[in-house]
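Here is a short tour of the model you are about to open. Keep the viewer at hand and follow along topic by topic.

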Amino acid sequence: MILTYSIKSGFSKKTLGTTSLLAFVLILLMINPPSKDFEVIAFDVQNADAFLLKSPQNKYFIIDTGKAAYKGGSSQAKVIISKYLKDRGIKDIDGLVITHFDNDHSGGAVDLMNDLNIKNVYINTFDNKSYTSYNIYKTIKEKKIPAHLAQNNENFYSEGDFSLTNFKANGKSDNENSIITLAKYKDFEMLFMGDAGIEAFRQVQKDIPQKIEVLKVGHHGAKGVVDRKMLESITPEISIISTGRNSFGHPRRGTLDVLRNTRIYRTDMNNSIKINSDGDSYSVYTYDRQKHKYSLDIKNSVEEQKK
């Protein structure tokens, strides 16, 4: 029984019914409906890597996890990634790709596996002997998370026009053994290089599309991660370099010079970077620290660029 209240006669059915309807409509207006776009967030984790991917059907994936905690502090994964996801009510991660076991790519993996429901983990080896990899292997086993050894040109997730594919070279160094991941939604494609560079790319090049809209540059823009032949092969429009204050000289001037015909975004200059795509066009946003929100920087048509 629905009642409403008046000063003289108390509650009546009609008024409360109207009030309830208005309240319901207000709640609906305050809820942001899930976007049907493919979305990527490059977290600002200094000279490290951490990316969040959302599929058009709102499945979430993480590529790399930033650095581990330092001297009793909290990891970048806990402070930045877990907080971002929890603030938005996101608990389930369909796939965590750990490109390789360098601390600046895998250091926060254990925290994420403890904080979130990670459904699958993709790694480049089961034989790494580092302290970081030991803890990751241990946590995977304790939590009974399915762990997959990445294979070359392996489509590990798809839904309609959206897919995620891993590539794996046999490089001479840990960096060149990084998992390389291609995200594709209709005509839009983004390539994540981990710490891999020219050597690894040459090995998997035949399976990589000849037109990539966005390139996540390998190894924070270090020497040897791109050359002109690589860019001629994939012709990216946008380059993203995840970097921060460091003693390694990242990104190298020579690398920036090779990338000069692309639009370069850097987390040390642009803060966090967000990319949205409906498959036919894409937009790039940068995070405004003063306004505490992402601001649109550019919007491009995929079809026009591919003609």
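The hairpin of E16 and E17 has three residues between its strands, and Gly279 takes a positive phi there, near 95 degrees. Please keep in mind that this is a predicted model. From the hairpin we can move on to the strands around it, then to a helix, a loop residue and the cores.

- E16 covers residues 273-277 and is mostly covered, with five of its five residues buried.
- In a regular strand, side chains alternate between the two faces of the sheet.
- Both faces of E16 are covered: Ile273, Ile275 and Ser277 are buried on one side, and Lys274 and Asn276 are buried on the other.
- Strand E17 (residues 281-288) pairs with E16 in the antiparallel sense over five bridges, and Thr286 in E17 stands opposite Ile273.
- Strand E1 (residues 38-42) also runs antiparallel to E16, joined to it by five bridges; here Ile41 is opposite Lys274.

**Helix H5**
- Which residues of H5 are buried? They are Thr132, Ser133, Ile136, Tyr137, Thr139 and Ile140.
- An α-helix has 3.6 residues a turn, so residues three or four places apart point the same way.
- Tyr131, Tyr134, Lys141 and Glu142 are exposed on the other side of H5.
- The cover over the buried residues of H5 includes helix H3 (103-106), helix H4 (109-115), E7 and strand E8 (147-149).
- Lys144 follows H5 and has a positive phi, near 55 degrees.

**Asn124 in its loop**
- Asn124 sits in the loop between strand E7 (121-123) and helix H5 (131-143).
- With a relative accessible area of 12%, Asn124 falls under the 20% cut-off and is therefore buried.
- The Asn124 side chain reaches the backbone oxygen of Asn177 at 3.1 Å.
- Beyond residues up to four places away in sequence, Asn124 touches several others, among them Ile98, His100, Phe101, Leu149, Lys168 and Ile179.

**Nonpolar cores**
- The largest nonpolar core has 30 residues, of which Leu53 and Ile240 touch the most other members.
- A second, separate core of 29 residues includes Ile81, Leu85, Phe101 and Val110.
- Leaving aside residues up to four places away in sequence, the contacts of Leu53 include Phe38, Val40, Phe61, Ile63, Leu164 and Phe192.

Definitions and conventions
Residues numbered from 1 in each chain as written. Predicted model: local features only at pLDDT ≥ 70, side-chain atom pairs only at ≥ 80, totals over all residues. Heavy atoms only, no water. Helix = DSSP H or I, 4+ residues; strand = E, 2+ residues; numbered from the N terminus. Buried < 20%, exposed > 50% of the residue type's maximum accessible area, 1.4 Å probe, protein only. Polar contact = N/O pair within 3.5 Å; in protein donor to acceptor, adjacent residues only side chain to side chain. Contact = heavy atoms within 4.5 Å. Core = buried A, V, L, I, M, F, W, Y, C linked by side-chain atoms within 4.5 Å. Pairing = 2+ DSSP bridges.
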